[in-house]
Amino acid sequence: MRVGLGYDVHKLVENRDLILGGVHIPYEKGLLGHSDADVLIHAIMDSLIGAAALGDIGKHFPDTDDKYKGISSIKLLEHVKTLLDLNNYAIGNIDATIIAQKPKMAPYINDMITNICKALNINKSQINIKATTEEGLGFTGNGEGISSQSICLLVSKK
């Protein structure tokens with residue numbers, strides 16, 4: 001068994017879509033990034049890649065490569081699943097947290113779980129996503145950005 005921890009943060013800006021867990025969330029701002037800036041998916045990918053000792057998402061999907069510009073993070077997550085399969089790892093479980101003052105995430109979490117389960121070919125019982133605010137403190141509490149954390153368990157298929 002192997003455990004991985006992932007973290008990501010992106011700045012909120014105008015004229016960008018807010019996409020979390022592959023879900024478009026109506027909001028006046030979106031996250032700035034080279035891809036779709038989906039902090040939830042990025043944190044999950046980093047936890048999975050880290051648990052498999054395969055580096056980080058920057059190694060696999062560098063922001064200097066134009067082929068990743070504006071790409072859906074769900075597509076990147078599907079590639080991470082392929083990396084896990086090639087290295088004989090199965091996902092035991094994933095637990096992730098979205099940290100944002102606004103908007104409220106609860107109405108979208110089930111769709112996020114569905115998207116991630118489909119991309120990783122796992123059951124809904126293997127993933128938990130929750131959201132919290134920071135009570136108005138820090139950059140997330142001030143509405144300057146959104147962050148996400150993820151922890152996962154991988155099991156060897158050998």
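1. Let's start with D46, which sits in helix 1 (helices are DSSP runs of H or I with at least four residues, strands are E runs of at least two, numbered from the N terminus). This is a predicted model, where local features need pLDDT of at least 70 and side-chain atom pairs count only at pLDDT 80 or more, while totals for chains, interfaces and linings use all residues. Residues are numbered from 1 along each chain as its sequence is written, and side-chain values use heavy atoms, leaving out hydrogens and water.

2. D46 is buried (under 20% relative accessible area; exposed is over 50%, partly exposed in between, 1.4 Å probe, protein chains only), yet D46 has no salt bridge (a Lys or Arg side-chain nitrogen within 4 Å of an Asp or Glu carboxyl oxygen). The nearest side chain of opposite charge, K59, is 11 Å away (Lys and Arg count as positive, Asp and Glu as negative; His and chain ends are not counted).

3. What does D46 touch, leaving aside residues up to four places away in sequence? The contacts (heavy atoms within 4.5 Å) are L5, G6, Y7, D56 and I57.

4. Last, K104 is in the loop between strand 5 and helix 4. K104 counts as exposed because its relative accessibility is 63%. Its C-alpha atom is separated by 21 Å from that of G33, 71 residues apart along the chain.
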